[in-house]
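Please read them with the coordinates open.

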Amino acid sequence: MTDILDERVPGSSSDDESSTQAQVSEEIRRIAAAHQRSGATENEARLDYPPYRSSILRHPTKDPHRVDPEGIELWAPVFGERDIDPLEADLTVQHGGEPIGERMVVTGRVLDGDGRPVRRQLVEIWQANAGGRYLHERDQHPAALDPNFTGVGRCLTDDEGAYAFTTIKPGPYPWKNHRNAWRPAHIHFSLFGTDFTQRMVTQMYFPGDPLFALDPIYQSIVDPRARERLVATYDHDVTQPEWCTGYRWDIVLTGSHRTLMQAETPS
Ligand SMILES: [Fe+2]
């Protein structure tokens, strides 16, 4: 896994704590209204989205320069199926004790645009703990670390394209996009594909989060249908008695209903 944090973090020079949530929300509202008036279909996150203050620093300003991937990027195996231990899909058993928080299972299928399962794909996740804290040196906000929770896991999809993780529901956390900015709870997902050039990264959210309307990262996807495809559904059939709650989230890689992925950012 590479980046633990996708957003600008405390201390970033692009932070704009002089803005209030009301100002940022008004910017979000104006952009959404203009989009609605345009009647355009827009299924990508906007790269340059002013309410997300650092977005201007996070995308290319010039057209991409296409180069062929090197041979090693196309054929070198980066992991073998035998390298993945099934226990790595359980983020609650990586230490000596139980992590704090709501134990949950998140499961779903990785599908192509025609609904066919995408098998044997490496799915990686990383997330904050129940208190909204990442185990990462750049996250120093005053929420407790959990000695029994690292927040990373991985698995391979099965014959049906299904993945499943047991984890702890992450908490929302503050970031310094503007004053009193909080991210909705989310889990980062990476789908590796078959080589380095295919990796896709996105975020999964939880239904009904009151922070959705306030979050400029979530709102940088201006099409509400595309946004909603990033939100898992609560599934009582995934919930297990006396054990955990359950969420379901399918990932569609291609086609008009594909799951939105984060654009590549310049190195
Ligand atoms: Fe995050």
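1. Which residue is the bridge partner of T107 in β10? In β10, T107 is bridged to R248. Strands here are DSSP runs of E of at least two residues, and helices are runs of H or I of at least four, both numbered from the N terminus. This is a predicted model, in which local features need pLDDT of at least 70 and side-chain atom pairs count only at pLDDT 80 or more, while totals for chains, interfaces and linings use all residues. Residues are numbered from 1 along each chain as its sequence is written.

2. Confidence. pLDDT is the predictor's confidence in each residue, from 0 to 100. Its mean for the protein is 88, and 91% of the residues reach 70 or more. Over residues 8–13 pLDDT stays under 50. For that stretch the model has 14 contacts beyond four places in sequence, a contact being two residues with C-beta atoms, placed from the backbone, within 7 Å.

3. Overall form. The protein has four helices and 11 strands. Its radius of gyration, taken over C-alpha atoms, is 19 Å, close to the 18 Å that the globule rule gives for 267 residues, so the protein is as compact as a globular protein of that length. That rule is 2.2 Å times the number of residues to the power 0.38. The C-alpha trace spans about 50 × 45 × 35 Å along its principal axes. Among contacts with a separation of 6 or more, 74% are between residues 24 or more positions apart.

4. Strand pairing. Two strands pair if DSSP finds at least two bridges between them. β1 and β4 run antiparallel and are joined by seven bridges; G108 stands opposite Y163 in β4. β1 is also joined to β10 (residues 245–248), in parallel, by four bridges. β10 in turn pairs with β9 (residues 233–234) in the antiparallel sense over two bridges, with Y234 opposite Y247.

5. Burial. A residue is buried if 20 or more other C-beta atoms lie within 10 Å of its own, exposed if 12 or fewer, and partly exposed in between, with C-beta atoms placed from the backbone. By that count 29% of the 267 residues are buried. β4 is mostly covered, with five of its seven residues buried.

6. Cores. A nonpolar core is a set of buried Ala, Val, Leu, Ile, Met, Phe, Trp, Tyr and Cys residues joined through C-beta atoms within 7 Å. The largest has 35 residues, and V106, V123, F165, M204 and A232 have the most contacts inside it. Elements that each supply at least two of its residues include β1 (103–111), β4 (162–168) and α3 (216–219). β1 gives the most, five residues. Leaving out residues up to four places away in sequence, M204 touches H186, I187, F189, L230, A232 and W249. Apart from this core lies another, of five residues, among them A128, Y134, Y173 and W175.

7. G39 follows α1 and has a positive phi, near 70 degrees. R46 is found in the loop between α1 and α2 (71–75). R46 counts as partly exposed because it has 19 C-beta neighbours inside 10 Å. Not counting residues up to four places away in sequence, R46 touches S220 and V222.
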